[in-house]
Structure formats: structure tokens, C-alpha cells
Amino acid sequence: MGERTDSLTVFQEIRQLLHGEDNPVDKTDTGADAESLKQISDLFHQIKIISLEAEDQWIYDLAYKTAHFIDLIRTSGSTFDRAKLVVIEDCRDLLTHYIDGVETDPGSLEDWYHDLAESIRVVDDNYMEKESPGRYHITVDFDIDSFSSDFDPIYFIEEIASYGDLVERKIHKEKLPSFEELDPQQCFVSWSCIIDTHYDYRVFEDIFIKREHRGKYSIEKMQSIENIDHGTIEKVESNEENIPVQTSPDRVGHVHQPVSVQTTHADGVVVDSKRLDELMNLLGEIVIGHSAINRFAEGLDAEASSELTNAMYGLDRTTREFQEQLMAIRTVQMDEYIEQLKTFVKMKAEEHGRNIDVTVSGHETELDRSMIERILAPVRELISYAVACGIENPAERKKTGKDETAHVEFNAYHQEGSVILSLSDDGKGFDPSELKKQAEEAGLVKKGEDVPKGRLFSLLLNGEFASAFYREFGLSGQHLKEVVENLRGTVDIESAPGKGTTFKIKLPLSLAIIEGMAVRVGEHVYIVPLLSIVESIQPREADVKTIEGKGEVIQARGEYIALVRLYEYYNIKSDLTNPWESLVVIVESNGEKVGLMVDDLIGQQQTVIKNIGSDLASNRSISGASILGDGRISLIIDIHGLVEEITV
Amino acid sequence: MSTIAVDENISVKQVAQFHDQLKEEAQKDDTITLDFSSVRRVDLAVIQLLISFQQYMKENKKAMKLKNVSEEMKEQLKITGLAK
């Protein structure tokens, strides 16, 4: 969260904008037209600009996110419903709390901010209405003690109903005791419905997750509405379960006839993603068991070992196929998301008066859905920056001899077991010599130090540095880096002044199992993610040197690479202490190469990632743990964390 | 025929007391009308009690009616499938 400044007048001005008599938020209700939404959007844009005077990045970020959220609703023509109005009101309240200093505990505001940012992201990414509606069958079971929760279960029902037209709905009362025996403070009913909606099914899933639903639920996609034989839908004349409600002259309402769908065939089942995670975990256990048997085979005599190994070969193939199938369930094609980004670029271009030609490719590339969703928000931030500041306006472009129409390219493809998302523009680009000067000024590199370009560009991913020297770029890079590193991926930036910039995001195919190289240091085994490994070498004695300012290095292919003695770094015992007797695994992060000195390479293996305790989790050079075939724990090295720790 | 004016704050907190009141009234009368004119909306505990009470009355050849139901509550009954 940004630091409070003493610019009280700026805060007062923001407060006046948010709560003055003419503030557009209070005047807005669900179903607001584009003009009203534009007024709210203008308000938050204004706050964003004012916040720059107070140098308050936090207000800037929230105002920016809110304005962007409203713009998306406005330009997509999506319905402005209660859920979206609540998000906007919440943004206003959070800003008010912040500038009033109402909350004394900054942590609670931080949580609020993150919840809100998540709400915006979710609506932003997933809920934009699609052209053709879908039909879902939703059932909700409530726990018997649901009434004791702060959240009345009827809100689930109301919230679900608010996202579409209920074709059928029913309270299930099979478990309801007789009236005389009923304990009315316990819940015995459940509810189901068939709903036609323009929204994605995730809108429903999120209701249950966000509201921490106590009980079971299922969301089942039904045959699309267009394909349903309307002859099979007939109106129910009366429902004996209906409670008779007398209408009085002052309380007459519009009442829909309930409709019953007799033949709808589900063409798929929506499964809670937690179940897929559980399946993946179980598969992980199989992989671990598999390694254990392989290890056992090594201890047998040659003939028995060979027989067992052969038998295991078939099992190994099936396990891998099982993993691929399981991963395929979680993966989705990028097409819809790529088109969303394309539309977003065009929208931003129009907003900032740029002529931009967008080229996209890789629609068929598949990636884990949760990864795509997490990566979209920071990618959008990058696009916003690129269009607003990175790309020149047509007149400027003409002056520098460029085509007046700028080009933005978004590409997604598979490469060596990972997925690459690349975003390029032919705008102003970043000047590495300028970056170097600023990095020296900021004390991030030593004067006169030979710094690889990749490392200089990676400074843009350092929020503090970027906010100081590239104010408009601000925290965009840091956000991207945080999300990508969380997904165990990498970000590379290539740029040339006057020619443009390319962000290359490399992500693993799965979050639960990675391809790793097991290495041994003394009695310990570490896993190095294969994605980060460049090569493994055994250096000659003459290639190991100590250079002033750089420490111990090895010379490999004409380059000096910093050497990390893992046994010293982790303070453990190793068998070998001379680099020329050991092996060196060269890894790369953000253009910076580092050599990890190890006793031995055990081999490439599928690594099931297990979470680690909070003490270890705070160590930036460890990203998780894995269980080896013999039951031992091995730590997974976080190459980005390690490289950053030793280079800073 | 008796009419019960339902308390404006009826919710899970008062539902046990409401349950007792309904049990008592059901012994006295064949048709019971619940007047919701002070009530804007109800929670699921109240709806569950209404379902149970209606079933009971029907089984005993009696009738339960609701009157002066607010638009919001009517909508609640509608989406739960209890009213047309």
C-alpha cells in the first residue's frame, strides 16, 4: 500500500468528488445507461490524475482499476447489474476509508483492496456477456447449521437468480421433518434451478467460493438453448407446492409462469476445480510411488531388475497419459482470451487516439485455465501502458519516419514443454543505456559494471525502480512478475529504442507437476526446474576465477558466469569442494546466468510440488518441496529468487 | 379464520417463537392468514417454516394464506419456487 502523504487538500478534493452532491455514483442504479457510466468512469479517471499530485500510488491504482472496470462494462454493452454496482460502490467506500484514515489497521484495508481487485478481475475477465446464452442446472444443498452462519442461504438463491432467467426452480423438502417435530433453526431444505444466462458458469462457481458456501453444490451445463426442441417445453399450469399469496391492490406484482423442461440432455458436467486438484494430488502420489518402485528395482539383481523395469515401463506410459488427460481437462484454448485482448487493445487505442493494427496468433494453444485467468490482468496493464505511453501518436510516428499505424502482436505457442505468451509493439522501446544510468543512480548496479541487457530490462519488473524512473509504467511490470513467478514461469523483456518492446512470458504446462532435474549436494537432493536450466558442465580448473566485484565465476562459452556453491549457500556438507571436480548446472533468470555447483546430477524427473511450511516459504530461493521415491524430501530451488538474492 | 400479524423483524432469531405461535394457532382455527404487511423480506429459515406449516395444514385439511406480501418477499417466494 502506498504511503500516506500530507497532501490534505488533494484528499479533501477526492472526498468532495466522491461524496459531493453531484457525485454520479449515488445517482446510478442498476440498468444505468452508457452516459451515466461514462460520468462515473470520468470521476475515477479524475481521481486517478489528482492522486498523482499527492504521489499516492495506492489511490492511483484503485482509481485506475475502477475506471478501467467501468469502461469495459460501458464499451462491451454488458448489462449493468447489481453485482457490478456493488463493486463500484465498494471501490468508493474503500477510497473513502483510506483518505479518511478510518481504518487504523492497514492490513484490513489491504485485504479489502485485494478482495475488490479480485472482484474487478473476475467480472472483468469472465463475466462479459456472450452473444448466445447458455443453460445450466444448478443444485444447492445447505448444511444443517447453515442458518447459524452470518450469510443467510437465501442470498445464494437470490444471487444465482440475478444472473439470468430462471426456467425452473424448486425447493427440495424431502428431508424436512413434520411441522410438529421441526427444529426451525436448522436447515433441512435444498434448492435447484434451471437458468438461462449470458454469463459464464464461473459466475456461479464464484458465488459459492466467495460466500464460503457450507454444503454441496453442482453446476451442470445443459444442451444449448438453440438446440432444445421447444416443443418439449410446456408450461406448468399450477404447482401444488405454491404457497397461496393473496394480492392486495397496493401490492400487485408481475408474476412469471413457471416452465418445466422435460427433455434436456446434459452435454457436459462442470466439476469443481478443487476436485481436479485432488485428482492431480492423487496422481502425484502415484508418481511418487512409481519412483519408489524404480528405486527398489535398482537394488535387485540384474535379471529381476530388468523384468521389473520393463513392467514399470508400461505403467509409466499409462501414468503419463493419465496426467496428460487430466491436464487436458484443466486446459482451455486461448482463442477466446486472445480475442478479448485484441478488443482491449483496440479499445485502448481509440481512447488514446492511436492507430493500432493488432495481429494475433496461437488461438489453438492450450493452457491451464486458472493460469490464463491469473495472467490476464497484468497483461492488460501492460497493454494499457503500451498504448498510452509506449506507442507514439500518429503525428510523432510520422515525424520519426515510422508508419502512422502502430503494430501490436500477441502470440501464444508451445515451446519445449512450456507455453510462451509474447506481446510486442513497435513503439518507443526502452533504451538500455538510459536504464543502466538510472540503475546506477538507484544503486542497483555498480558504476561501470558490465550488465547484460536482459538484466537491465528486468529492472522494469522492479516496482520501486520502475515507479521512480518510468512513472507511467509504474507497478505494471512488478504485477506481471509476481503473477508469473507464482505460476513458476519467467518473464523476458527485449527492447530497442525507437523500435519497440517484446514481453515474453514463459509458463509451465501444469502447476502441480513440473519437469525437474534432481541434483545431489552431499546427502541432500534438490530439484532444479528444467525450464530454467541452460546446460550442465564440468569446468576446467583454469576456467574458475575470482573477479573483483563479481566474486567467484566460471568461464563458459566466452561468458563469465557467477558461481554459487550450493553447499555454502544452504550451509550443508558436500562431498566435493573444488568446482573443477564437481558439476555446474547453469541456470538463467531474467537474462542473468548463474552456475550452481553440485556434487552430482541424479536425473530428469517429474516432480510433484508440495507446499512447504511458512518458515521455509519465506526463503526466496526455495519454491516448494517434493517427495522422492525413497520417501526423502527434496527442496525445489526457485531460480528467480536465488538469482535475485545473489545479484542484488 | 384467524390472522397473525407477522413481526417486521422476523428472521431465524425469532423463528422458534414464530413456530410455537403457529402451532398454537393451528389448533384453534382451520384457516390461518399470515399478514406480512410489516415485513420487507424474509430469510430461508422463515421460508422453510412456511413450507412446513403449509404441508401440515394441508395434511390436516386446513388452509394457510399469506397476505400483504411485499414485492421483495414475493420475488423471494418466486425464485425459491414457492409462488407463481
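Trainee: How many helices and strands are there in chain B?

Mentor: Chain B has 3 helices and 3 strands, where helices (H or I, at least four residues) and strands (E, at least two) are DSSP runs numbered from the N terminus. From the N terminus on, the elements run β-α-β-α-β-α. This is a predicted model: local features need pLDDT of at least 70, side-chain atom pairs count only at pLDDT 80 or more, and totals for chains, interfaces and linings use all residues. Residues are numbered from 1 along each chain as its sequence is written, chains are lettered from A and ligands numbered from 1 in the order in which they are written, and side-chain values use heavy atoms, with hydrogens and water left out.

Trainee: What share of the residues in chain B is buried?

Mentor: Of its 84 residues, 60% are buried, that is, under 20% relative accessible area; over 50% is exposed, and in between is partly exposed (1.4 Å probe, protein chains only). Contacts, meaning heavy atoms within 4.5 Å, can also be sorted by separation in chain B. Among those between residues at least 6 apart in sequence, 76% join residues at least 24 apart.

Trainee: Why is H1(B) called roughly parallel to H2(B)?

Mentor: The axes of helix H1 (residues 15–28) and helix H2 (residues 44–59) of chain B come within 11 Å and cross at roughly 15 degrees. Axes are lines fitted to C-alpha atoms, for helices over the stretch in contact, and angles run from 0 to 180 degrees between N-to-C directions. Angles under 35 degrees count as roughly parallel, over 145 as roughly antiparallel, 65 to 115 as roughly perpendicular and the rest as oblique. Therefore H1(B) is roughly parallel to H2(B).

Trainee: Which residues of H1(B) and H2(B) meet?

Mentor: Val15(B), Phe18(B), His19(B), Leu22(B), Ala26(B) and Gln27(B) of H1(B) meet Ala45(B), Val46(B), Leu49(B), Phe53(B), Tyr56(B) and Met57(B) of H2(B). By class, this contact has 10 nonpolar, 2 polar and no charged residues. Ala, Val, Leu, Ile, Met, Phe, Trp, Tyr, Cys and Pro count as nonpolar, Asp, Glu, Lys and Arg as charged, and the others, Gly among them, as polar.

Trainee: Is Lys61(B) buried or exposed?

Mentor: Its relative accessibility is 75%, so Lys61(B) counts as exposed. Lys61(B) sits in the loop between H2 and strand S3 (63–67) of chain B. Its phi is near 55 degrees, a positive value in a residue other than glycine.

Trainee: What does the secondary structure of chain A come to?

Mentor: Chain A has 20 helices and 24 strands. Of its 648 residues, 49% count as buried.

Trainee: Why does Ala117(A) count as buried?

Mentor: Ala117(A) has 17% relative accessibility, so it counts as buried. Ala117(A) is found in helix H6 (residues 106–126) of chain A. Its C-alpha atom is 9.8 Å from that of Ala377(A), 260 residues apart along the chain.

Trainee: What makes Ser190(A) a buried residue?

Mentor: Its relative accessible area is 14%, so Ser190(A) is buried. Ser190(A) is in strand S3 (residues 190–197) of chain A. Not counting residues up to four places away in sequence, Ser190(A) touches Val140(A), Asp141(A), Phe142(A), Lys170(A), Ile171(A) and His172(A).

Trainee: Why does Arg557(A) count as exposed?

Mentor: Arg557(A) has 72% relative accessibility, so it counts as exposed. Arg557(A) lies in the loop between strand S18 (551–556) and strand S19 (559–565) of chain A. Its phi is near 50 degrees, positive in a residue other than glycine.

Trainee: At what angle do helix H11 and helix H12 of chain A pack?

Mentor: H11(A) (residues 335–351) and H12(A) (residues 369–390) pack at about 20 degrees, with their axes 10 Å apart. That angle makes H11(A) roughly parallel to H12(A). By class, their contact has 10 nonpolar, 2 polar and 4 charged residues.
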